[in-house]
Structures are given as structure tokens and as C-alpha cells.
Amino acid sequence: VPNWIGDAVISRGFLKALREKFNGEIFIIGKEFLREIFYDFEFKGFKTYREYFEILKFLKEKNCSEIYILPFSFSSAFFPFLAGIKIRRGFEGDRRGFLLTHKLSSFYIKREHLLKSFLRLINMEDNYTSYYPELKRFSERESKNSVVIAPHASYGRAKEWLFFKELSLYLLKENFEVILIGKKKYEDYPDGVIDLRGKTDLKDVLKIISEAEYVFSNDSGIAHIAGSMGKKVFVFFGSTDPLWTKPLGSNVYIFYKKVFCSPCFERICRYNTYECMKRITVYEVEKFFSLVK
């Protein structure tokens, strides 16, 4: 499965379809920190390429003969080839086509939703809306009028909306409990905001989102987690494209202002203006939230 949390959550939709199509034993191989995402599968976690290779050799000895390689990187396909997994399915690209026994063109990548592309590997892309990823709630408690804000994105500043602090002020005035989560700290937030940035791991985040009523997030793993739990989640897109990686769920709302250079998929704005994010105003977000909350 992919290394990015958001893409890993999307892959749960593929696994849902695979379970329906394939009546056999399924093992998930992924970075160890993703274990909580795949709580309902036999998960083999690794931290290094060596551990990845050892897992593949172990599974081959258990007569696992087929692997679906969802990441697009060379290394993700190289080690199954080296381990001698008989059938290796995945997308071309990154000069790895010769490592795959069954390969699909990368033509559709970034031209359709990532889940639909994954489902092409098992010829189930036509009904992809039936396979939206789902996550269980990791807590039985839900706090009314509680809002989680995830203001940062590991990918880079070009994916980060510029006005989360102003939004938090509005939410506090409206008597919402406001909780910040994420890894980075760029700026201080108003008194009254519960700031948990840098203090949580994935297990904590899953519980915090489970207990929240609303989530505001950039295009990040947190948005995908919230959407898969059925939360009302408001997602800001800048350099990336909702067509490709929009969080999936019945309560997902997208803010996206396509400007002349969109989508650029850059980590930092090449013009240093962040115009695509500036055009999403606090007033617009506040007004929309007041209508759907």
C-alpha cells in the first residue's frame, strides 16, 4: 500500500473490492506507522527496504504468488521482482515496467480519481463509487460542537490554506471547541484553542477525529481519515487536484480555486503568491459552514 496516509486510506476502497472479487487470503504490506489504518487485515509492517524484502520472501514461502503494487515508485516494484513473486501487478512509470508481469499504462494517473485507477488493476473501475473507503470509529464518544483543524501538510506549504488562524477565532466566538492537530508549528493560535500539534501519533489522531463533530483540513491524510469515518470535513485544495485525490465520503466539502497555474503539484508556490489559496476567503468558508453545520 502507499506510504502517504491519505493514499493509504484510499487504498482501503481497492481492498474492499479485492475482498469481494478474490476469495482467498490477503496480506497487506506497508510502512509500520500505517498499521492502525489496516486494523481489519493481516498487516505486515516494515521500516526499511530490507524488512520489506524479508516480508516478501516470507510470503513467497507461504505460497503467496500474486502481488498488487499500489505505489508508483521503482523500489516498490523492484523488491517483489527480486523476491521472485510470480505475478506482479501495477502501473508503469518510473522506468519499472520490466519489473511487472501484468502492467497498466500510467495514462489515467492524475486524470481520474486515484481510487478509480487502483480499481483498474482488477477491472472494477466502472462502479468505483461503490468502493469508497470506510474506517471504523476509534472512540464511542463524539463531542458536539467540537472542531478539529489540521492546518499543516507534510507535502509542503503549497497545500496549506492561509487563514486557519482567522477561522479558529470565528469558531471560538461561535462557542465551538477547537482542537489543532498535526506535526508542525508555524505560528501561535488564539487562547482557547487546544493545541496538540507535535504531540500525537496516528493512533491518537484516529481517536481525536472519531470524537470530533467537524474537521477542517488541507488535502492531507487527516481529511481522508475524516471522510472515511463519515465526518463533516471541509477540505482546502491548492497545488493539488481534487479530481485525483479528493477525500471520499458522503459529508466531504471541497474548497478549490483553479487559477492559471493549477494544479501545479508543487510543494512550494513557484511564484511565491499562493494565489490559489488566497482566493479561498475566510468569509466564504464561514458562510458555507453556517449553512451545512
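Okay, to start: what share of the contacts in the chain with a separation of 6 or more comes from residues 24 or more positions apart? The answer is 56%, where contact means heavy atoms within 4.5 Å.

Quick ground rules. This is a predicted model, so local features need pLDDT of at least 70 and side-chain atom pairs count only at pLDDT 80 or more, while totals for chains, interfaces and linings use all residues. Residues are numbered from 1 along each chain as its sequence is written, and side-chain values use heavy atoms, with hydrogens and water left out.

Now the overall picture. The chain has ten helices and eleven strands; those are DSSP runs, H or I of at least four residues for helices and E of at least two for strands, numbered from the N terminus. Along the principal axes, the C-alpha atoms fill a box of roughly 60 × 45 × 35 Å. As for burial, 52% of the 293 residues count as buried. Buried here is under 20% relative accessible area, exposed is over 50%, and partly exposed is in between, with a 1.4 Å probe and protein chains only.

On to the cores. In soluble globular proteins, nonpolar side chains tend to be buried together. A nonpolar core here is a set of buried Ala, Val, Leu, Ile, Met, Phe, Trp, Tyr and Cys residues joined through side-chain atoms within 4.5 Å. The largest one has 51 residues, and Phe14, Leu119 and Ile225 are among those with the most contacts inside it. Several elements supply at least two residues each, including helix H1 (5-21), helix H4 (114-120) and strand E10 (232-237). H1 gives the largest share, seven residues. Apart from that core lies another of 25 residues, with Val178, Leu180, Val193 and Phe234 among them.

Let me stay on H1. H1 has 17 residues and spans 25 Å from first C-alpha to last, close to the 24 Å expected at 1.5 Å a residue; the expected span is 1.5 Å times one less than the number of residues. Twelve of its 17 residues are buried, and the buried ones pack against strand E1 (27-31), strand E3 (66-69), H4, H7 and helix H8 (242-245).

Proline 133 sits in the loop between H4 and E6 and is buried at 6% relative accessibility. Neighbours within four places aside, its contacts include Val9, Ile10, Arg12 and Gly13.

Next, the rings. Rings of Phe, Tyr and Trp (its six-membered ring) pair if their centres lie within 6.5 Å; planes under 30 degrees apart are stacked, over 60 edge-to-face, and the rest tilted. By that rule there are 33 aromatic pairs. Take phenylalanine 81 and phenylalanine 98: edge-to-face, 6.4 Å centre to centre, 70° between the planes. Phenylalanine 81 is in helix H3 and phenylalanine 98 in the loop between E4 and E5, so the pair ties together parts 17 residues apart in sequence. Phenylalanine 98 is exposed at 58%, and phenylalanine 81 is partly exposed at 36%.

Then there's phenylalanine 255 and phenylalanine 288, with centres 5.6 Å apart and planes at 85°, so edge-to-face as well. That pair links strand E11 to helix H10, 33 residues apart. Phenylalanine 255 is buried at 6%, while phenylalanine 288 is partly exposed at 29%. Both belong to a cluster linked by ring pairs that also includes Trp161, Tyr214 and Phe234.

Two charges sit over rings, meaning NZ of Lys or CZ of Arg within 6 Å of the ring centre and within 35 degrees of the ring normal. Lysine 110 lies over phenylalanine 265 at 4.1 Å from the ring centre, and arginine 267 sits over tyrosine 155 at 4.5 Å.

Most residues other than glycine have a negative phi, and most peptide bonds are trans. Here the bond from serine 262 to proline 263 is cis, omega near -15°. Aspartate 94 has a positive phi of about 55°, and asparagine 272 has one near 60°. Asparagine 272 is in the loop between E11 and H9, and is exposed at 60%.
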